[in-house]
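Keep the structure in view while reading.

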Amino acid sequence: MPFFDSSPVILSGSAHPALATAIARNLGLDPGAMNVGRFPDHEIKVQIGGNIRGKDVFIVQPTHATADRGSDNLLELLIMTDAARRASAERITVVLPYFGYARQDRKDKPRVPITAKLVTSMIQHAGADRFLSIDLHSGQIQGFTDAPFDHLYGWIVLLPVIKSLNLAALSIGSVDLGGATMVGNWRSRIPGSDVVLIDKQRLGDRSTRIRQVIGEVEGRDMVLVDDVLSSGISMEVAARAMQERGARSVRAAVTHGVFCEDCIRRLEEAPITEVYVTDTLPLPSSLPGKFRVCSVAPLLGDAIMDIHNSNSLTHHFGLDGSDVKSE
């Protein structure tokens with residue numbers, strides 16, 4: 001078990017430097033210097049700006065793909081990890097607030113890859129000793145590497161905010177049956193709340209319909225929870241279904257704001273009072289008024305210090321008799 005006589009080093013690429021800075025500030029640290037640039041032919045070049053020999057290094061970088069950057073966030077992470085290894089860092093923990101390329105996590109069709117396994121293997125081969133992430137697409141991704149993989153949950157940040165609203169007739173709902181476990185996590189931590197499950201059918205990439213709603217909706221204050229907001233179609237359809245069934249109010253609480261295409265406009269026009277989303281990904285500078293951002297920086301900062309000091313992360317989940325921490 002490594003023992004470090006100095007503070008952890010927080011490094012970041014260009015994917016989400018604001019989050020890395022917020023994490024460092026929460027720990028009373030300055031983020032480490034990382035110079036990320038381009039060669040004339042647009043290849044990525046990296047140089048760590050300070051001595052990290054023998055240090056406990058945490059590289060903060062979501063690996064989402066974007067229309068303007070393609071897969072550069074993932075490639076940057078691989079190059080930064082290699083640079084840290086060659087600079088003789090004692091330990092390298094890759095902090096993936098959002099684990100991109102996770103959707104293909106099993107061979108469910110002929111002739112398809114298991115991209116999540118490929119990406120995990122590449123990151124470890126580049127030099128990562130540990131992984132830290134929030135709300136993986138599926139928990140089985142932790143088993144795609146023999147390195148320690150700490151998996152945190154978005155509800156740790158979002159749930160205290162929803163509890164503070166003191167909604168009198170609260171029901172926690174999922175946008176599909178796949179969210180039943182997530183809904184159960186919320187329900188078990190909010191006394192007096194009910195559960196609503198939605199059975200939906202996907203008609204295509206951009207169309208879904210509700211087949212069945214399980215649970216009482218009429219007169220309830222609904223909070224629809226999900227791990228990712230991408231197109232927003234499922235959330236919009238679920239919100240309209242709640243409204244049609246007599247919900248008193250509808251809110252959304254989501255970990256990852258991917259916000260593809262018309263997602264923000266779609267949610268702005270949907271019958272949703274408020275949308276709570278974390279900052280695991282960089283968010284648009286001007287979100288509409290119904291959007292509320294809940295930062296994961298304190299959560300990741302605490303987890304980083306626990307890892308650095310070889311402490312358990314169990315207390316973050318309220319599993320040791322302690323309550324969920326609220327900012």
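This is a predicted model. Searching the whole structure turns up one cavity of 30 Å³ or more. The volume of the largest cavity is about 40 Å³.

Which residues line the largest cavity? Asp-135, Gly-154, Trp-155, Leu-158, Met-182, Trp-186, Val-225, Asp-226, Ala-253 and Thr-255 do. Four elements each supply at least two residues of this lining: helix 4 (155–163), helix 5, strand 11 and strand 12 (249–257). By class, the lining of the largest cavity divides into six nonpolar, two polar and two charged residues.

Now turn to the pockets. The largest pocket holds about 1600 Å³ of space. Its lining takes in 50 residues. Nearest the centre of the largest pocket lie Arg-103, His-137, Arg-202, Asp-227 and Val-228. Helix 5 (180–187), strand 9 (194–204), strand 11 (221–229) and helix 6 (233–244) are the elements that give two or more residues to this lining. Which element gives the largest share? Strand 11 does, with five residues. The lining of the largest pocket has 16 nonpolar, 18 polar and 16 charged residues.

The second largest pocket contains about 540 Å³ of space. It is lined by 25 residues. His-64, Ala-65, Thr-66, Val-258 and Cys-260 lie nearest the centre of the second largest pocket. Its lining divides into 12 nonpolar, 10 polar and three charged residues.

Five strands form an open sheet, and their order is 1-4-5-6-7. The pairing is parallel. Strand 1 (9–12) and strand 7 (149–152) are the edge strands, each pairing on one side only. From one strand to the next, the twist averages 20 degrees. Helix 1 (residues 17–26) packs on this sheet and touches strand 1 and strand 4. The direction of helix 1 makes about 170 degrees with that of strand 1.

Strand 1 and strand 4 pair in the parallel sense over four bridges. Val-9 has Val-57 as its bridge partner in strand 4. Strand 4 (residues 56–60) also pairs with strand 5 (residues 91–96), in the parallel sense over five bridges.

Side chains come last. In a regular strand, side chains alternate between the two faces of the sheet. From strand 1, Val-9 and Leu-11 point one way, while Ile-10 and Ser-12 point the other way. Those four residues are all buried. From strand 4, Asp-56, Phe-58 and Val-60 point one way, and Val-57 and Ile-59 the other way. Why is strand 4 described as largely enclosed by the rest of the structure? Because five of its five residues are buried. Buried here means under 20% relative accessible area.

How values were computed
Residues numbered from 1 in each chain as written. Predicted model: local features only at pLDDT ≥ 70, side-chain atom pairs only at ≥ 80, totals over all residues. Heavy atoms only, no water. Pairing = 2+ DSSP bridges. Axes fitted to C-alpha atoms, helices over the stretch in contact; angles between N-to-C directions. Contact = heavy atoms within 4.5 Å. 1 Å grid on protein atoms, 1.4 Å probe; cavity = no way out; pocket = protein on both sides within 12 Å on 5 of 7 lines; lining within 4 Å. Points joined across faces, edges and corners; volume = space filled by probe spheres on them. Nonpolar A, V, L, I, M, F, W, Y, C, P; charged D, E, K, R; others polar. Buried < 20%, exposed > 50% of the residue type's maximum accessible area, 1.4 Å probe, protein only.
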